[in-house]
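Here are my notes on the model, point by point. Please read them with the structure open.

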Amino acid sequence: MKRRDILKGISFGSLGFVGLNPQVKAAELLDHPFDSDDKDKKDPAFKQFGRTEFEKERDAKLFAEQFFNKHEMNTIAVLADIIIPRDERSGSATDAGTPAFIEFIAKDKPEFQTPLRGGLGWLDNEAQKRFGNVFIEITPQQRIEIVEDIAYPERKKPGMSHGVAFFNLMRNLTATAFWSSKIGISDIGYMGNTPNVWNGVPEEVLKQYGL
Amino acid sequence: MESFQIKETPAIYDVIVIGSGAGGGMAVHELTKAGAKVCLLEAGQHYDPADPKYITQMKWPYESPRRGASTRYRPFGDFDAAYGGWDIEGEPYTTKGDTKFKWFRSRMLGGRTNHWGRISLRFGPQDFKRYSIDGLGEDWPIGYEDVSPFYDAVDRLIGVFGSVENLPNDPDSIFLPPPKPRLHEHMLLKGNKNLGITTIPSRLSILTQPINDERGVCFYCHQCNRACVAYADFSSSSCLCKPAMKTRNMDVIYFAMAREVLTDAQTGLANGVSYVDTQTLEEKTVRGRIVVLAASACESARLLLNSKSARFPEGLANSSGVVGKYLHDSTGASRSAVVPALFDRKRYNEDGVGGLHVYSPWWLDNKKLDFPRGYHIEYWGGMGMPAYGFGWGIENMNGMFPDRSGNKREAGGYGASLKDDYRRFYGAYIGMAGRGEAIAREDNYCEIDPEKLDKFGIPVLRFHYKWSDHERLQAKHMHETFEQIIQELGGIPLGAKPTAEQDYGLNLPGEIIHEVGTIRMGNDPKKSALNKWQQAHDVKNLFVVDAAPFVSQGDKNCTWTILALSMRASRYIVEERKAGKL
């Protein structure tokens, strides 16, 4: 059901509104352009998300810049899919657009730039030392050998602390990117962001918790 | 560069109102309704949450390239309806000594009401008379009985949900029905009952039923901070300024950064306001018979302190010297936790309204405690919409819990089992925050920085602020209570309990965005700047209707009281004008 229909339902049905009112206007406005087949919605304002003029300019500028080079982007993609792989329920981190997000956020929050670039450099150096090639050129099994040494902070393997810090950051950025994507939101089972009438916790759930 | 010559608007308005937040919005609403010709000066831009170009409501996180992360320009996230923030380009403020103070400003119609938490609490009878109770600070020149009819009128005009509880110092409003609790809120109700911590339905200005034809009703998207397309939540822009514009009795001047309140050298009365057009940097003047300040507690104080003349060398309405002093913000401290009973919970839409469905008003007697004033507790949790920050820090958490088969596992990780951890922990986090009353002190103040100017050439504010043991010990008590509440739920507190060296986790002053007290009211013109009608002792046609007149903060949020007092002062202005006294 479309947002518009649900919202109109709230206004006309359950609450006894009549005539044109803010609820109906809201229904029209919130009928999502990406979900909408309404050809009349030509106002470009519908296609963005309430940016001020300054924000539009700033975002456009950030999009026009490129921070990571191609090799770095490829490495981010490989690493992101190790962190969140495809499984029976949903796609992988790269399916959810993680590398593009990391590229953008590094420009938006420059404090990430050095830890990420440095971490990618550390990873390639580690791969070179152990296996004679950069991280994306070694075998999947060899990659996992390195990841095993940096993915578990409490192991505190000597010489790995920088790798651990980098992997923590990559894990967090990847998780944020994945779970806030369309794929991730559907996988996690978030069912909101849609007009509804809240009528409390479902009975069977209250029962489950003895409440 | 454009000419800097001063341009005069020809009209003389009945009233000039500076600022369009809760106080200014209510003033223009009441004054235009009474037929006054009003000029509203707003330092920022126009804003209407139902205009497509401003809408952020119900956008998905992936529509933002930063997935809803905050920026310098949207400190509460990319979809938040506040233009401005802690750190506005070209509009600095400074601090004195080792003071750390944060000042949040919104530059838009409706000000900070567009994104606020909608927590709408009345002050109680004791909140106006704290000096009589504990000997600290001052009593207000008015009592609950003076404000009560205006609270009633605000309830009817704007709408607030809640439950009738008959608590002695948390008076009931005229309530719309409250939303039912979410799952973690049911758990809190049960747990807190065992602990003797009063926990009741929250009181938010969100319409759970229609109150008029101008506004829709809540459709439970949990996004009031993005401002509502249906105007189902209260913001000054939608609910007060907009109806005021419809009367045709008001001109709004946007991008008008007030510099000074102008006075007549002979009479000493206010007769206009000079302001800077922030877009052209032109100096302009608007003339009026009455001036109402509602620029926010600190901004209004700044304006008076900057309005110096031969007759008012210490700034306008400041013969008492109190302007800028007695600045206080609510105290704040918070803690979050994970509740294993909520792992792998059943999914359903749990958005609810934009905020908490239950809260804990102050439930103890300070006479039996080592700190003088109370606090209330706000809660959060539930199966919220993932956005930037989701899953962050899992390496500090997933090692604490055995897997579904009961095997111990290592913190951090990667791959399929990590991916599953996020699913398992989703909706199992809760958090709580105390919001308490600080003591108003003369030596917590804002003043004019002797050197620094903003980009408009207006001298900026300098803050001096210290917490005392009154606030520190209150924060200590908050944290002890938080741990009890979390324990009772079978939860595990996250992070470490803050120590005495960390001021027991007190937020920095200003961070709670409840600044009050800088132009306080009182019966004694030597100890206060305004009388009990929020009228300047020194300048009878000058009023202040934001939170600056507050004598003390209460363990409540200040907005509902700003609204009630602004309505009261505005109606007083109308009566006095009709009686020919203004």
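1. Start at B:V292. Leaving aside residues up to four places away in sequence, this valine touches B:V15, B:I16, B:V17, B:A27, B:F543 and B:V545. Keep in mind that the model is predicted.

2. β9(B), residues 270-277, pairs with β10(B), residues 283-293, in the antiparallel sense over five bridges. Within this pair, B:R287 of β10(B) stands opposite B:G272. The two strands form a hairpin with five residues between them, where B:L281 has a positive phi near 65°. β10(B) also runs parallel to β18(B), residues 542-544, and three bridges join the two. There, B:L293 has B:V544 as its bridge partner.

3. β15(B), residues 445-453, and β16(B) are antiparallel and share five bridges. B:E447 faces B:R462 of β16(B) across the pair. Five residues separate the strands, and B:G457 in the turn takes a positive phi of about 85°. β16(B), residues 459-464, has a parallel link as well: two bridges join it to β4(B), residues 94-95.

4. Next, the open sheet of chain B. What is its strand order? The six strands run β6-β12-β13-β14-β11-β17, with antiparallel pairing. β6(B), residues 200-201, and β17(B), residues 492-493, are the edge strands, and each pairs on one side only. Inside the sheet, β12(B), residues 358-360, and β13(B), residues 375-381, are joined by two bridges. B:S360 has B:I377 as its bridge partner in β13(B).

5. Check the helices against this sheet. α4(B), residues 183-195, lies across β12, β13 and β14 of chain B and runs at about 30° to β12(B). α8(B), residues 469-488, packs on the sheet too, touching β11, β13, β14 and β17 of chain B. The direction of α8(B) makes about 20° with that of β11(B).

6. Chain A is built from helices. There are 10 of them and zero strands. Buried residues make up 36% of its 211 residues. Take the contacts in chain A between residues at least 6 apart in sequence: 55% of these join residues at least 24 apart.

7. Last, the contact between the chains. Chain A gives 65 residues and chain B gives 74 residues. On the side of chain A, the elements with two or more residues in the contact include α1 (3-14), α3 (53-64), α5 (98-108) and α10 (203-208). Which helix gives the most? α8(A) does, with seven residues. By class, this side of chain A has 39 nonpolar, 17 polar and nine charged residues.

How values were computed:
Residues numbered from 1 in each chain as written. Chains lettered and ligands numbered in written order. Predicted model: local features only at pLDDT ≥ 70, side-chain atom pairs only at ≥ 80, totals over all residues. Pairing = 2+ DSSP bridges. Helix = DSSP H or I, 4+ residues; strand = E, 2+ residues; numbered from the N terminus. Contact = placed C-beta atoms within 7 Å. Nonpolar A, V, L, I, M, F, W, Y, C, P; charged D, E, K, R; others polar. Buried ≥ 20, exposed ≤ 12 C-beta atoms within 10 Å, placed from the backbone. Axes fitted to C-alpha atoms, helices over the stretch in contact; angles between N-to-C directions.
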